[in-house]
Amino acid sequence: MAEDSTAVGRLVLAATPMGDIGDASQRLKDALGSADVVAAEDTRRTKSLAKALAVEITGRVVSFYDHVEAARIPALLADIEAGRTVLLVTDAGMPSVSDPGYRLVAACVELDLPVTCLPGPSAVTTALALSGLPVERFCFDGFSPRKGGQRREWLRTLATESRACVFFEAPHRLADCLADAVEVLGPDRRAAVCRELTKTYEEVKRGTLAELAAWAVEGARGEITVVLEGAQPKSADPADLVEEVESLTAEGIRLKDACAQVAGEYNASRRELYDAVLAARRDGEH
């Protein structure tokens with residue numbers, strides 16, 4: 001006997017306004033009013049959102065935040081398998097993007113259960129559009145590391161990243177993060193700090209990392225998204241890289257290893273760089 005496909009429900013991911021209630025889509029309103037189950041990062045905020053939208057939630061409302069996410073998944077999967085529609089909403093923006101949701105989506109995919117998405121507000125794309133920087137290609141890194149050492153190590157991975165990078169930062173760590181960025185990436189790399197996007201006190205500060213670091217010392221409040229300009233292509237001319245290789249060998253690194261490291265960073269030929277270093281040394285002997 002053929003399986004009754006109508007018995008299977010679905011998971012619906014829905015983006016919610018970041019601040020301005022007018023950004024709520026009609027599809028979000030319809031989904032809030034019709035879903036059998038509403039899984040909410042913060043049930044109080046979701047009920048307040050529905051009230052502001054003049055929508056009555058008729059389905060069951062369950063909490064779905066970080067600490068209960070794993071425990072909630074089996075019951076939500078059972079709801080979907082029983083033919084119910086589960087609507088997943090987080091406090092602001094899109095579920096799964098630095099918010100709960102990924103694990104539930106992955107579990108649905110594993111069981112071949114339907115998953116769909118109601119697009120809407122996103123701090124990532126909003127900040128990119130407002131940054132005034134080249135953002136045709138970009139990467140998103142979630143929240144920057146909290147601890148200074150880990151944060152500086154993470155920033156080093158962006159030293160040669162040619163794509164714009166978007167990341168979130170807590171307001172009380174912003175000044176330290178930008179100071180570390182000046183130290184690791186240099187003072188002249190451009191960036192934009194976007195604060196309270198779509199809210200009453202929306203603000204976008206654009207400038208070099210040095211300028212933004214000086215501004216942030218005075219304190220910045222609210223939810224913050226940072227857009228960092230992609231790194232400019234570095235010279236791959238081996239003759240221009242000799243000094244950098246020699247600085248590494250002065251630290252005790254073998255010449256071949258130093259050449260491999262620098263060539264990899266600048267997308268240059270290791271063989272040509274090695275020969276350039278030897279030629280420069282010979283010239284220096286005369």
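## Sheet, core and salt bridges in a predicted model

Ala192 sits opposite Arg206 of strand β9. The model discussed here is predicted. This report starts at the sheet, moves to the core and ends with charged pairs.

**The sheet.** Strands β8 and β9 run antiparallel and are joined by 6 bridges. They belong to an open sheet of 5 strands. Its order is β6-β7-β10-β8-β9, and the pairing is mixed. The edges are taken by β6 (138-143) and β9 (203-208). Each edge strand has a single partner, so one side of each is left without a neighbour in the sheet. On average, neighbouring strands are turned by 15° against each other, direction ignored.

Strand β10 includes Thr225. Is Thr225 buried or exposed? Thr225 is buried, because its relative accessibility is 4% and the cut-off for buried is under 20%. Leaving aside residues up to four places away in sequence, Thr225 touches Ala123, Ala127, Val166, Phe167, Phe168, Ala192, Val193, Cys194 and Leu197.

**The core.** In soluble globular proteins, nonpolar side chains tend to be buried together. Here the largest nonpolar core holds 22 residues. Which residues have the most contacts inside it? They are Leu174, Leu178, Val193, Leu209 and Leu228. Two or more residues come from each of α6, β7 (164-169), α7 (174-185), β8 (190-195), α8 (209-216) and β10 (224-228).

Leu178 shows some of this packing in detail. Its contacts are Val193, Leu209, Leu212, Ala213 and Ala216, with residues up to four places away in sequence not counted.

**Helix α6.** The buried residues of α6 are Arg151, Trp154 and Leu155. They span an arc of only 100° around the axis, so they lie on the same side of α6. An α-helix has 3.6 residues a turn, so residues three or four places apart point the same way. The buried residues of α6 pack against β6, β7 and α7.

**Salt bridges.** Side chains of opposite charge can pair when their charged atoms come close. The model contains 16 salt bridges.

| Glu69 | Arg103 | 3.2 Å |

Glu69 lies in helix α3 (residues 69-81) and Arg103 in helix α4 (residues 102-110), so the pair ties together parts that are 34 residues apart in sequence. Glu69 is buried, at 3% relative accessible area.

Glu153 is partly exposed, at 46% relative accessibility. Arg156 is also partly exposed, at 44%.

Glu169 is buried at 2% relative accessibility. Arg173 is buried too, at 14%. Elsewhere, salt bridges with shared partners join Arg60, Asp79 and Arg84 into one network.

Technical notes:
Residues numbered from 1 in each chain as written. Predicted model: local features only at pLDDT ≥ 70, side-chain atom pairs only at ≥ 80, totals over all residues. Heavy atoms only, no water. Salt bridge = Lys/Arg side-chain N within 4 Å of Asp/Glu carboxyl O. Helix = DSSP H or I, 4+ residues; strand = E, 2+ residues; numbered from the N terminus. Buried < 20%, exposed > 50% of the residue type's maximum accessible area, 1.4 Å probe, protein only. Core = buried A, V, L, I, M, F, W, Y, C linked by side-chain atoms within 4.5 Å. Contact = heavy atoms within 4.5 Å. Pairing = 2+ DSSP bridges. Axes fitted to C-alpha atoms, helices over the stretch in contact; angles between N-to-C directions. Arc of directions from axis to C-beta.
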